[in-house]
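The following paragraphs lead through a two-chain model, from one partner to the contact between the two. Please keep the structure in view while reading.

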Amino acid sequence: MTWLLAFWMELPLIVQLGVKIVAIIGPLMVAVAYYTLAERKVIGYMHVRIGPNRVGPRGLLQPIADAVKLMFKEMIVPTNADRYLFVIAPILALAPALGAWAVVPFTDTLVLADVNASLLYVLALTSMGVYGVVVAGWASNSKYAFLGAMRSAAQIVAYEIAMGFALVGVLMAAGSLNLREIVLAQSGGMHQWFFIPLFPLFLVYLISGVAETNRSPFDVAEGESEIVAGFHVEYSGMGFAVFFLAEYANMLLISALTVLMFLGGWHAPAQIPPFVWIPGLFWFFGKLAVIAFLFLWFRATFPRYRYDQIMRLGWKVFIPVTLVWITVIGVAKFFTPFGHWFG
Amino acid sequence: MRVRSRVRVRQTLGTAKTVTFLQLIFYIFATVLVGASLMVITVRNPVRAALFLVLAFFSAACLWLTLEAEFLAITLVLVYVGAVMVLFLFVIMMLDVNIAQMRAGFARYLPLGLIVAVVMAGELTLVMLSGEFGLQQAPRPAGHAADYSNTRALGEVIYTDYVFAFELAALILLVAIIAAISLTLRRRPQTRNQSPKDQVRVRKQDRLRVVRMPTSPQDKP
């Protein structure tokens, strides 16, 4: 063990970072693949169906079969499409979804880049995801793809503001932009987690996260019953697969961020024996799984929002709610005896 | 990461002849930045031009990162790349740009464009050669310790030394927001707007009438 550690220390920094990046991206990709299976299974049971059960025991090899199928399919580029942008678009969608994981602290010490402004970094990167959608929609040279891109651009810009304000509330409560310090500010048990004092912001963040990832009930950018498949209607094979990966990686990312900012990250719900025996990593992934399950549950439960209602919800409900609650946090923190509770 | 880059900053200060890692990064991003900026003004397709502008912003943000200004760098990406350019693209994509028509005006506007370009280049050269720039006037700031937070430093300066300028800027932005919103409040009498208030208040019995009808001759109601 010690020689292994010594060998690790001998490696150049760039190799060490590369290994760490692979150690995050690899399991993430597997998680994304099995998240798609989980979605089909969960929604299947919610619809009183069985879901995929043919490939492998209980359908467990289904994601691998899907991946192989998509890899060997021909990637068709429409005749009048803008070739370069058409190929770049899926990459533009996936890269931010993966890059944001660099600053996610899995436990107190397990973090790739412990950056001071990591909260801002995450917000900046998630806001870049829209380019993949917009560029894909435009480069496809198709009406439906273009409609999807326009819807998505307007929707993401609207919800990003609400999301950003929700994060302002978190940073006011934690007094830091560093995700690790934000989690440390919530240590001490469930009553210290930010979802209690910041409950409205928690809801706004979660719902904006669903809208930001273009998931049902806010999936008007895809809208298969209205505009076929929206922005990725012209994509096939790997191009389509990469969009798919980006969507699910984004959902997992939003779940992870919700856990970090509102649900105490790697902290156990109470600092008493049965809970503290379980390692922090388990708590982090457990909470992440619960939020990720919510995404699937929403999809099986809610009908799609009408477009103007989505816009109204974002601009006229969420932004005022966050603004009011930021004021509440500020006043509570400095002028009331509940200040310690608000961070 | 940050600690290591700081070590390299010290190395560059020591007038090293070899190209350090930080310098290499600087030259890569500077090349991309200049190249992307050139493409913005030369490329024909406006959507591609806007996307090159995004690349230019992004490279500039990376350059700021090498100056240890992580807050400003990320804010540049967040505001300009994440919001402003998305709206830009939104508008540009809606335009039906006729490239032939655009090229027709090129020769006519060329003299005026050249004059403006020459004047701007001359002004820039005058400023650059005035002797007010360079390492003698503004020596390179020393690298900071690893626990130094650019975000905190910026916040402290903004809310103490420059608080009035900051508040003034905020006020101007507020006025702009109110002005922009008031423009959308224009109501034309002939357009029919939805009333979300009424839509939310509506109940099933207001809209729905269940009618019993015979579907076959023997099915009498």
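Buried area denotes the accessible area, taken with a 1.4 Å probe, that two parts lose on being put together, summed over both. The model discussed here is predicted. By that definition, the area buried between chain A and chain B is about 2,600 Å², and carbon and sulfur atoms give 75% of this area. Within chain A, the residues that lose the most area to chain B are A:N116, A:Y131 and A:W138, which together account for 22% of what that side buries. The contact draws 28 residues from chain A and 30 residues from chain B.

Polar interactions across the interface can be listed briefly. The rule finds one salt bridge between chain A and chain B: A:D82 pairs with B:R48, with the closest N and O atoms 2.5 Å apart. Three residue pairs are found in polar contact across the interface, both residues of each being at pLDDT 80 or more.

On the side of chain A that touches chain B, at least two residues each come from α2 (13-46), α4 (83-99), α5 (118-139), α6 (143-174) and α12 (307-335). Of the elements of chain A, α5(A) gives the most to this side, namely eleven residues. By residue class, this side of chain A comprises 21 nonpolar, two polar and five charged residues.

Chain B itself has ten helices and zero strands. Of its 221 residues, 19% count as buried. Chain B exposes about 17,500 Å², of which carbon and sulfur atoms supply 68%. Among contacts in chain B between residues at least 6 apart in sequence, 61% join residues at least 24 apart.

Conventions. Residues numbered from 1 in each chain as written. Chains lettered and ligands numbered in written order. Predicted model: local features only at pLDDT ≥ 70, side-chain atom pairs only at ≥ 80, totals over all residues. Heavy atoms only, no water. Contact = heavy atoms within 4.5 Å. Salt bridge = Lys/Arg side-chain N within 4 Å of Asp/Glu carboxyl O. Polar contact = N/O pair within 3.5 Å; in protein donor to acceptor, adjacent residues only side chain to side chain. Helix = DSSP H or I, 4+ residues; strand = E, 2+ residues; numbered from the N terminus. Nonpolar A, V, L, I, M, F, W, Y, C, P; charged D, E, K, R; others polar. Buried < 20%, exposed > 50% of the residue type's maximum accessible area, 1.4 Å probe, protein only. Areas by Shrake-Rupley, 256 points an atom, 1.4 Å probe, with all protein chains shown as cover.
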